[in-house]
Amino acid sequence: MVDFIQNTLDGIFIGSSYALLAIGFTLIFGVMRRLNLSYGPSIMLGVFAGTLLYIQLNAGLLVVGLATVVGAVLAGLYVERICFWAVRRGAALASMVSSFAIWMQLEEAVTIVFPDRTYPFPPLADFTLKLGPFWVRGEHLIMFICASLLTILLHLLLYRTRFGLAIRAVSENPTAAKFMGINTGLVVMFAFALASVIGGVAGYLIASTDQQVTPLFGLWATFKGLIAMTLGGMGSIPGAIAGGLLLGVIEAQSVWYLGTEYRDLVAYAVLFAFLVFRPGGLFAQKSAMQSRLAARRV
Amino acid sequence: MDFYFGLLQIIGVHTILGLSAYIVLLTGQVTIAQAGFFAIGAYIAGMLTVLAGWHLVPAMLVAALVAGFVACLVGFPALRVKGLMLVVATTAFGEAVRLFWFNFDYQIAKGDVQVGPLGGEGFKQIRFFPENGWTTGDVALFIWFWVAVIMAGLWWMDRSRAGAVLRAVGEDELAAQSVGINLTAAKVSAFAVGGFIAGIGGAIYAHYTTHIEHANFGVILATFAIAYPILGGLSSVLGTLLAVIFIQGFLVEGLRFLGDWRNLLFGALIVLAMNVRPRGLIDERVLNTLRRTFSIGQGGGNA
């Protein structure tokens, strides 16, 4: 029982970073209704910007973090301009293929500058707390606190500001939003930047927990974000958070009880089961059921 | 000469892979599972020729049938979801297949060497072609025979009622359903045929590379599989072939002299192609022009 709770705790801490990735995906999917395969790789570019400063100039934590976020935002905007803004409306598949091509491009750019397999990343904290029978790693705790703070800030931004209102309006109905005088192109661009900020913070937290980065990080981040978003329910921010935490817990438990080689298999199996039995995910079940009922009535 | 035969082989196998995604994309489903079916075809055909000593053609057909059957099984649950959810579901399936072969060992002694798939080390020594004295030219001819068969089959299907049904589902599911099309049947059969074709491609791939491992069948390959038909255009099977020649022949081989910088340009050129031609390289207009020029079919209607 102690093991189980300890795993759950670890899973929730790790899962908080998955939740951030899933929130980023949700924001992009909300305003665009298109799949951005380059989301993870653009975060990876930011993480490598941070590690470049760390290796070359031995920069401090704050500078590295700032460089990570700025790098991720710049890469994210590059992806948005090239794959989404430039590709005309109605060509969602073309956007997806473009984002795949840019993913290859970003990965290649990083491997040209960083030819080795792994590079060091500065750790955030090096202490371990003991709470009763449970251990909490310091960087996990910081990860969880940062993720929670960022989520609260995002909530305030989305529900308390005019800009948040604009994002929600565009997600709800882009045409109606346009008629209300919202500059949808600008809102989409800012939503991308916002998603990249969140992704950059997530990338920074994950890289400093692992204390190393590899060019495979992009693919990894895209996977985790997509799976967490799907578990929680497409297009719902509470769902993305719940999905991220759930994915973290599932992974932690399966590593403990079955071994590392089964971690991803178990996550995929759970995902598949969710898609079959609860296709709306944890939180968006109502809308999924409505659309299915509508299809059945035809 | 061998270099060009090798290039022909790569283009042929990737065309088959692209065509397997083409038929699924016709129904409007974006699937990242094709690499999984490709892997199933590769491993099963390899095991049948190496471990059971079969001839390649029956081994290939059995492997393709297994892949098609798995696709059918996966199709039912997976097609309960649409759009992005289906992308995630099929990605999960494809990765699960890859991880299955990563953990799969089945080796027997043949002479004094152990043959068969061995987990992370992969499946070595699939030597059907060299053992039977096929030259690279023969292999290229064999591959292109199958490319031609599959392309002809899909071309014919496109012009038949079945093609119209698939396209109707892809255009508008509600409208298709309201004119009495069974959505599940259309989608699952497209999925199964796609799995079958991917299985053939995988079987051929395993035999011409002679060494396969789980890492060959990752999400990159699966994304290439859907990128070909989307880049080429969903109006005709010719688009997929053109896209494979564009990517494998021009972008991968033709730009090899650029070294590391190739992939940078590679991405930019694909994006450029998608910007200029969002409906694919060969879209309806080009197809109609082609039809008029060669006066095939109705002599160019407004399809």
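Two residues count as in contact here when their C-beta atoms, placed from the backbone, lie within 7 Å. That is the cut-off behind the contact figures in these legends, and the model they describe is a predicted one.

**View 1. Chain A as a whole.** Of the contacts in chain A with a separation of 6 or more, 73% join residues 24 or more positions apart. The chain is built from 12 helices and 4 strands. Its radius of gyration is 19 Å, close to the 19 Å that the globule rule gives for 298 residues, so chain A is as compact as a globular protein of that length. Along the principal axes, the C-alpha trace of chain A covers about 55 × 45 × 35 Å. As for burial, 50% of the 298 residues of chain A count as buried.

**View 2. Two loop residues of chain A with positive phi.** Most residues other than glycine have a negative phi. Arg33(A) has a positive one, about 60 degrees, without being a glycine. You'll find Arg33(A) in the loop between α1 (2–32) and α2 (39–57) of chain A. Arg33(A) has 14 C-beta neighbours inside 10 Å and so counts as partly exposed. Now move along to Gln211(A), not a glycine either, with a positive phi of about 60 degrees. Gln211(A) sits in the loop between α8 (184–210) and β4 (212–213) of chain A. Here too there are 14 other C-beta atoms within 10 Å, so Gln211(A) is partly exposed.

**View 3. Where chain A touches chain B.** Chain A brings 35 residues to the contact and chain B brings 34 residues. On the chain A side, α3 (61–85), α4 (92–113), α9 (217–232) and α11 (263–277) each supply at least two residues. The biggest giver is α4(A), with 12 residues. Sorted by class, the side of chain A that touches chain B has 28 nonpolar, 3 polar and 4 charged residues. For the complex, the predictor reports an ipTM of 0.78 and a pTM of 0.85.

**View 4. Helix α1 of chain B.** Helix α1 (residues 2–26) of chain B has 25 residues, which at 1.5 Å a residue should span 36 Å; the end C-alpha atoms are 36 Å apart, so the two agree. Since 18 of its 25 residues are buried, α1(B) is largely enclosed by the rest of the structure. After α1(B) comes Gly28(B), with a positive phi near 80 degrees.

View 5. Strands β1 (residues 108–110) and β2 (residues 113–118) of chain B pair in the antiparallel sense over 3 bridges. Ala109(B) has Gln114(B) in β2(B) as its bridge partner. The hairpin of β1(B) and β2(B) has 2 residues between the strands, and Gly111(B) in the turn has a positive phi of about 70 degrees. β2(B) also pairs with β3 (residues 122–124) of chain B, again antiparallel and over 3 bridges. There, Pro117(B) is bridged to Phe123(B) in β3(B). The hairpin of β2(B) and β3(B) has 3 residues between the strands, with Gly119(B) at a positive phi near 40 degrees.

**View 6. Confidence along chain B.** Chain B has a mean pLDDT of 86, and 97% of its residues reach 70 or more. Confidence is highest in helix α2 (residues 34–50) of chain B, at 93, and lowest in strand β1(B), at a mean of 77. Over residues 299–303 of chain B, pLDDT stays under 50, and the model has 6 contacts beyond four places in sequence for them. Where pLDDT is low, the predicted coordinates should not be read in detail.

How values were computed:
Residues numbered from 1 in each chain as written. Chains lettered and ligands numbered in written order. Predicted model: local features only at pLDDT ≥ 70, side-chain atom pairs only at ≥ 80, totals over all residues. Buried ≥ 20, exposed ≤ 12 C-beta atoms within 10 Å, placed from the backbone. Nonpolar A, V, L, I, M, F, W, Y, C, P; charged D, E, K, R; others polar. Rg over C-alpha atoms; globule rule 2.2 N^0.38 Å. Expected span 1.5 Å × (residues − 1). pLDDT = per-residue confidence, 0-100. Pairing = 2+ DSSP bridges.
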